[in-house]
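Please look over the sequence and the fold before reading on. The paragraphs below move from rings to cores, helices and loops.

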Amino acid sequence: MAALIDEKAALQNMEDKMLQELKASNLYEALQYVQSFIARKKKSIGTQLVSSMVFHAAKLLIDYDSAEYAGTLLLWFMEGGAGEENSFYIENNKDSLEGTYCDMSRLTGILTDHPQEKASVIIEVIQKQVLTLIEGLPTTYTTPMGKRLAKFEEACASLFEFKHNFRVAYKFRLRLGDMKEMAKSLDLWASDAYPTERPLFFVRSILHLLVVNEQEKALDLLESAKLYVVENDHKTMVAWHFATMVCELIDLPVTADVN
């Protein structure tokens with residue numbers, strides 16, 4: 001119980017000092033205070049409290065319309081600014097988070113609990129670190145950690161779509177594997193291009209899935225894409241018809257006289 005009281009007291013003390021700077025519009029000074037305090041005290045305050053301080057401070061910065069500095073603080077943390085012993089932590093051993101914590105879940109909360117206008121600023125600042133993070137994680141979304149990962153990736157995909165960073169959003173949609181959501185994302189992406197190019201966005205993704213042996217996903221994407229690709233006389237429809245024929249051939253039942 002004493003540890004809990006100490007954590008609350010430490011967070012309150014940090015908040016009080018940050019608010020002095022934030023209310024005076026000294027946003028950079030508030031950021032510097034948190035970073036310098038953690039850098040000096042990181043060995044004595046402990047890993048979990050370091051994490052709590054970082055995310056609590058990030059929320060305060062967002063509340064005072066400084067999402068960019070909140071992103072800078074999170075970037076500093078993800079890059080190891082709080083020390084090697086206080087690195088960004090993903091809980092992977094527990095069925096629940098009771099009694100422990102997960103920085104990925106805390107980051108998901110930051111990204112989903114605030115308006116997209118603010119959260120999208122943060123995700124752009126930490127984009128490189130986020131992409132590096134997910135590259136080392138499996139796409140098994142049925143485990144407790146996998147479910148937390150799915151929420152995180154869904155939040156990232158939505159925010160990158162909001163910022164029209166569709167190339168990065170595509171990576172998340174591809175990992176998540178929901179082809180209905182993928183088709184929606186591709187439709188948004190195609191809206192930034194010429195109308196004649198619209199079918200090509202879907203065809204490229206379908207062919208990519210076929211090349212990496214994801215035939216079921218390719219078939220699902222084709223079906224979902226039919227809601228967005230309208231038949232017309234543009235030459236690019238040839239590519240759409242080609243992708244349709246390839247998927248229809250793949251979907252044919254295997255027979256003994258296939259040759």
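Which residues form one aromatic cluster? They are Phe-166, Tyr-170, Trp-189 and Phe-201. The model is predicted, so local features need pLDDT of at least 70 and side-chain atom pairs count only at pLDDT 80 or more, while totals for chains, interfaces and linings use all residues. Residues are numbered from 1 along each chain as its sequence is written, and side-chain values use heavy atoms, with hydrogens and water left out.

Rings of Phe, Tyr and Trp (its six-membered ring) pair if their centres lie within 6.5 Å; planes under 30 degrees apart are called stacked, over 60 edge-to-face, and the rest tilted. The whole structure holds 10 aromatic pairs. One of them, formed by Phe-55 and Phe-77, is edge-to-face, with 6.1 Å from centre to centre and 90° between the planes. This pair links distant parts of the chain, since Phe-55 belongs to helix α3 and Phe-77 to helix α4 (residues 67-78), 22 residues apart. Helices here are DSSP runs (H or I, at least four residues), numbered from the N terminus. Phe-55 is buried, at 4% relative accessible area, and Phe-77 is buried too, at 1%. Buried means under 20% relative accessible area, exposed over 50%, and partly exposed in between (1.4 Å probe, protein chains only).

A nonpolar core is a set of buried Ala, Val, Leu, Ile, Met, Phe, Trp, Tyr and Cys residues joined through side-chain atoms within 4.5 Å. The largest one has 60 residues, of which Met-18, Leu-111 and Phe-152 touch the most other members. Helix α3 (residues 47-63) supplies the largest share of this core, 10 residues. Apart from it lies another core of 24 residues, including Val-203, Leu-209, Trp-240 and Cys-247.

In α6 (residues 116-125), Ala-119, Ser-120, Ile-122 and Ile-123 are buried. These four lie on the same side of α6 because they cover an arc of only 160° around the axis, the arc being that of the directions from the helix axis to the C-beta atoms. An α-helix has 3.6 residues a turn, so residues three or four places apart point the same way. The buried residues of α6 pack against α3, α4, α5, α7 and α8, contact meaning heavy atoms within 4.5 Å. In α9 (residues 166-176), the buried residues include Phe-166, Tyr-170 and Arg-173. Their cover includes α7 (127-135), α8 (144-162), α10 (179-190) and α11 (198-211).

Finally, the loops. Asn-86 lies in the loop between α4 and α5 (103-112), yet it is buried, at 1% relative accessibility. The side chains of Asn-86 and Thr-47 are joined by a polar contact of 3.1 Å; such a contact is a pair of N or O atoms within 3.5 Å, where, within protein, one must be able to donate a hydrogen and the other to accept it, and residues adjacent in sequence count only if both atoms are side-chain atoms. Most residues other than glycine have a negative phi. Ser-25, in the loop between α1 (2-23) and α2 (27-45), has a positive phi near 65° and is exposed, at 59%.

Conventions:
Helices (H or I, at least four residues) and strands (E, at least two) are DSSP runs, numbered from the N terminus.
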